[in-house]
Amino acid sequence: MKQTRTFPHEPESVPAARRFAMSALRGVSADTLEAVELMVSELATNCIRHTDSAFELTITRAGGDIRVAATDGAGGRPEMRSPKPTDPSGRGLKIIDMLSAEWGVEQRAAAGKTVWFTVADTTPASAARASRA
């Protein structure tokens, strides 16, 4: 299953992206949904704060994995920062690094980039498939 949606460059797109992800992942365990919701919020916020264009969010469920990717048209490469406790921002990629199985950045040939992460799909059906493999 793969679902993609484009969001405009506006603050309201952050909660809209979370709702889209939660809808696309119905049936996934509450713990997984909570982690994905937080990570989607971080990706969407970064797209709004650090670009001036719309962004696309793609949610893919395959086998026992969930992959979430945010694609924008801005250049540059996101870097994980080490903010001080008093810094108001800079924790997004650290949160994604802590909660995901893996994550990365893919530069696009024309312009822009895709920041993605994966997590395990912990629904009962996917757990049964994984145990048979």
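Reader: What makes this an open sheet of five strands, and in which order do they lie?

Author: In this predicted model, the strands follow the order 1-2-3-5-4 with antiparallel pairing. The sheet is open, with strand 1 (2–7) and strand 4 (102–107) as edge strands, each of which pairs on one side only. From one strand to the next, the twist averages 15°.

Reader: How do you know that strand 1 and strand 2 pair?

Author: Pairing requires at least two bridges. Strand 1 and strand 2 are joined in the antiparallel sense over six bridges, so they count as paired. One of the contributing residues is Arg-5, whose bridge partner in strand 2 is Leu-57.

Reader: What makes strand 3 a partner of both strand 2 and strand 5?

Author: Eight bridges link strand 2 to strand 3, and eight bridges link strand 3 (residues 65–72) to strand 5 (residues 113–120). Ile-59 has Val-68 in strand 3 as its bridge partner, while Ile-66 has Val-119 in strand 5.

Reader: Which strands form a hairpin, and how many residues lie between them?

Author: Strand 2 and strand 3 form the hairpin, with two residues between them. Gly-63, in the turn, has a positive phi of about 60°.

Reader: How do you know that helix 2 touches the sheet?

Author: Contact means heavy atoms within 4.5 Å. Helix 2 (residues 30–50) touches strand 2 (55–62), strand 3 and strand 5, and therefore has heavy atoms within 4.5 Å of these strands. The direction of helix 2 makes about 170° with that of strand 5.

Technical notes: Residues are numbered from 1 along each chain as its sequence is written. This is a predicted model: local features need pLDDT of at least 70, side-chain atom pairs count only at pLDDT 80 or more; totals for chains, interfaces and linings use all residues. Side-chain values use heavy atoms; hydrogens and water are left out. Helices (H or I, at least four residues) and strands (E, at least two) are DSSP runs, numbered from the N terminus. Axes are lines fitted to C-alpha atoms, for helices over the stretch in contact, and angles run from 0 to 180 degrees between N-to-C directions.
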